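Biologist: I have not looked at this one before. Can you walk me through it?
Modeller: Here it is.

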Amino acid sequence: MQAKFDRTRINDGSNRPPRLEIHQSMWAMMGVVPSGTELLLEEKFERIADAGFTGILARVPEAGSRDEWQKLLRQYNLSFGAHSFPFNAHDLSLQLQQADDMEMLYVNGQVADAFIIGDEAIKLLDELGAVSTEQRMPFFVETHRGKITQDLIRTVQYAEALPDLRFTLDISHYVVAGEMTEEQEKAEHLFETVLARTSVIHSRISSGEQIQVDVGYSDAMLARFETWWTKAMRYWLQDAQPGDILPFVCELGPAPYAITGQGGQELSNRWEQALALRSLAQGCWKRAVSE
């Protein structure tokens, strides 16, 4: 008899203790060389692996390039998490069927769109969860502005209605959408609900005015993000089982996510920033485990 599938967690089937894995976004590798020369695909894989990342988040590659991707993933011993942008259950089901050769660790969903609310949204999220169970593929809904999770209040309502709903936490979207330049007491108890349902973390720092700023932009803002990430890790550890994996994805987007100056040059070095986020994640994990 096939073992019962738990779509709320990523598990590799091993007896290893629950662990944090730090991954890099392939989107974040666009234009990552300051010279403007785009790295070849294998050069990106090599740089990611050499820096100590253990996985990649990316869109499912086109069928014609799958063989190369699979070869590079094996060669550099990197796991693969997939992006999806479903409008309905059929979209997700079709992607999972078409990409079943990619040995995906999980699928991240930016669920469209921001104008679906209330019972209609709950029904859609429930249907996507059913596809996840049917296809035996963990699926997590990203907390992303401009999507079904447009704001913190409605996202909490979805969580309260759907006990198995789990999130990819990108808290920068709620900080910028809510213009949370300072701590907001009314938001914190809402954040707790989302943090407690986190199965993947996407990392970038928002200032509350810009979606993505330098890690060193503000010590106070950085401390808030570290607190949120550490809490999410602590919640995850409460129910974690042997073989469970929590991906922490460094996802610093190219311009226009990245702020540019005159001449179009980015103000920060995104690769160095990704390494800084990697170090921060390790510190948050150490605190979460010890607490």
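Biologist: Which residues in helix 7 meet helix 8, and which ones do they meet there?
Modeller: Glu-188, Phe-191, Glu-192 and Leu-195 of helix 7 meet Trp-228, Lys-231, Ala-232 and Tyr-235 of helix 8, where contact means heavy atoms within 4.5 Å. By class, this contact has five nonpolar, no polar and three charged residues. Nonpolar here covers Ala, Val, Leu, Ile, Met, Phe, Trp, Tyr, Cys and Pro, charged covers Asp, Glu, Lys and Arg, and the others, Gly among them, are polar.
Modeller: A word on the source: this is a predicted model, where local features need pLDDT of at least 70 and side-chain atom pairs count only at pLDDT 80 or more, while totals for chains, interfaces and linings use all residues. Residues are numbered from 1 along each chain as its sequence is written, and side-chain values use heavy atoms, with hydrogens and water left out.

Biologist: At what angle do the axes of helix 7 and helix 8 cross?
Modeller: Roughly 45°, and the axes of helix 7 (residues 185-195) and helix 8 (residues 219-239) come within 9 Å. That makes helix 7 oblique to helix 8; angles under 35 degrees count as roughly parallel, over 145 as roughly antiparallel, 65 to 115 as roughly perpendicular, and the rest as oblique.

Biologist: Is that crossing left-handed or right-handed?
Modeller: The crossing of helix 7 and helix 8 is right-handed.

Biologist: Now the rings. How many aromatic pairs are there?
Modeller: The structure holds 11 aromatic pairs, a pair being rings of Phe, Tyr and Trp (its six-membered ring) with centres within 6.5 Å. Phe-45 and Trp-69 have ring centres 5.3 Å apart and planes at 80°, so the pair is edge-to-face; planes over 60 degrees apart get that name, those under 30 count as stacked and the rest as tilted. Phe-45 is in helix 1 (residues 41-50) and Trp-69 in helix 2 (residues 66-75), 24 residues apart.

Biologist: Is Phe-45 buried or exposed?
Modeller: Phe-45 is buried, with a relative accessible area of 0%. Buried means under 20%, exposed over 50%, and partly exposed in between (1.4 Å probe, protein chains only). Trp-69 is also buried, at 9%.

Biologist: Which residues does Glu-291 touch?
Modeller: Thr-230 and Arg-234, not counting residues up to four places away in sequence. Glu-291 sits in the segment after helix 9 (270-290) and is exposed, with a relative accessible area of 56%.

Notes:
Axes are lines fitted to C-alpha atoms, for helices over the stretch in contact, and angles run from 0 to 180 degrees between N-to-C directions. Helices (H or I, at least four residues) and strands (E, at least two) are DSSP runs, numbered from the N terminus. A crossing is left-handed if the near helix is turned anticlockwise from the far one by less than a right angle, and right-handed if clockwise.
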